[in-house]
Amino acid sequence: MIDGPTPTPPLKGRGLSARDDAMRHGTPPLQGRGKGWGLSANTLADLHERARHMRNHPTEPEKRLWRNLSNGQLGGWKFRRQQVIGVSIADFLCPAARLIVEVDGDTHDAAADAARDAGLAEAGYRTLRFTNEEVMRNVEGVTATILRALGQADRPHPNPSPEGEGLEAGARLPAGSLEGRAG
């Protein structure tokens, strides 16, 4: 006989796949990349499936803009396409700047978009909206506007100096830090 807690029985027969179980356990609400938000595993799975379909079948304006945003081409900022955020799917997301870029077609409802943007703003995201026509006729102007918005974001240096070099005047390292140590 083995002492200790009894192992939990496998989930077979309970109607949950391994993926559903992974979405259900181990991730607290409102944390994780695309997980949580207080949504059921089925709702999250549906959102991720829709996002995957939208990534695989982009509109022509989305393709054109993605050519300018992918691989850090826009000032080194990284973007993701069709990213699930809460109950929404953002066309383009720059996680470091918490900036969402939406490319809207003729069918977008301005009132619904405003409500969605307000909800995303409460979660700390800024949203820029462009029409399909703006992207198709003036992609350079669109990318310049996005770059200006990114310039307003607080961006930490990717390789901060452990010695505190480059700190602004008046900002000092705490006592006991690396300052004054021989290297």
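**A close look at Glu102**

The side chains of Glu102 and Arg116 are joined by a polar contact of 3.4 Å, a polar contact being a pair of N or O atoms within 3.5 Å, where within protein one must be able to donate a hydrogen and the other to accept it, and where residues adjacent in sequence count only if both atoms are side-chain atoms. This is a predicted model, in which local features need pLDDT of at least 70 and side-chain atom pairs count only at pLDDT 80 or more, while totals for chains, interfaces and linings use all residues. Residues are numbered from 1 along each chain as its sequence is written, and side-chain values use heavy atoms, with hydrogens and water left out.

Glu102 belongs to strand S3; helices (H or I, at least four residues) and strands (E, at least two) are DSSP runs, numbered from the N terminus. With a relative accessible area of 3%, Glu102 is buried, since buried means under 20%, exposed over 50% and partly exposed in between, for a 1.4 Å probe and protein chains only.

Beyond its neighbours within four places in sequence, Glu102 is in contact with Ile89, Ala90, Asp91, Arg116, Thr127, Leu128, Arg129 and Phe130, where contact means heavy atoms within 4.5 Å.

Another buried residue is Tyr125, with a relative accessible area of 12%, and Tyr125 sits in the loop between helix H4 (110–122) and strand S4 (126–131). Not counting residues up to four places away in sequence, Tyr125 touches Ile85, Leu93, Arg98, Ile100 and Leu120.
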